[in-house]
Amino acid sequence: MAQKQEPLLIKRYASRRLYNTETSDYVTLDDIAGFVRDGREVQIIDLKSGDDLTRQYLLQIVAEHESRGESVLPVDVLTDLVRAYTTQAQSIVPQFLAASFEMLRDGQSKVMGNLDAMGHPLAKMPGFDAMQAQQEAFMKAMMSSLPGAAPGSDDNEDGDKPEAGSKEELDAIKKQLADLQKKLSGMG
């Protein structure tokens, strides 16, 4: 089994320039997006304070893609995310998003596996493997940037267990997602 690769360490200098410690050169947000698309984990650290800025920069990359018309997030989803920061839902939204992306990733893997097993023409298309790797890297990057994304983590950021009502709501959502996944896998 392959050992997990260490994250690529990017240091942010006071001048806001980003420095790739592996290649000893400066990089841009587009370069960082490329590393993530290629399946590489990145960690961006402020050189002076030592603060982890990874989340901030990944969100900035997403915002730039969205502003260029490369929309992935519908307006209603963005609206719900904004609401989640100001409501009781804040405690369950990260777990819901993490579970949703995990199920999407698992479902996608099953579909791709079924296509490979069936000898589907798409599987033989040039660039199909690269596209599949890019999608997996995107999903991995999205999952790692979400709070509570660690498998089996039911704790919120304060380390407390969610309220009973929140846990029940999360369990109901997980059940609905599992039912949907079963329906989708039955189609393939």
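1. Phe138 is placed in helix α5, which covers residues 128-144. The model under discussion is a predicted one.

2. Between the C-alpha atoms of Phe138 and Arg37 the distance is 5.9 Å, although 101 residues separate the two in sequence.

3. Helix α1 spans residues 29-37. Its buried residues are Leu29, Ile32, Ala33, Gly34 and Val36. Just after α1 comes Gly39, whose phi is positive, at about 95 degrees.

4. Two further residues deserve attention for their backbone angles. Most residues other than glycine have a negative phi. Arg16 belongs to the loop that lies between β1 (8-12) and β2 (18-20). Its relative accessibility is 57%, so Arg16 is classed as exposed.

5. Ser24 is likewise not a glycine, and its phi is positive at about 55 degrees. The location of Ser24 is the loop between β2 and β3, the latter strand being residues 25-27. With a relative accessible area of 47%, Ser24 is partly exposed.

6. Arg16 is found between β1 and β2, and Ser24 is found between β2 and β3.

Technical notes: Residues are numbered from 1 along each chain as its sequence is written. This is a predicted model: local features need pLDDT of at least 70, side-chain atom pairs count only at pLDDT 80 or more; totals for chains, interfaces and linings use all residues. Side-chain values use heavy atoms; hydrogens and water are left out. Buried means under 20% relative accessible area, exposed over 50%, partly exposed in between (1.4 Å probe, protein chains only). Helices (H or I, at least four residues) and strands (E, at least two) are DSSP runs, numbered from the N terminus.
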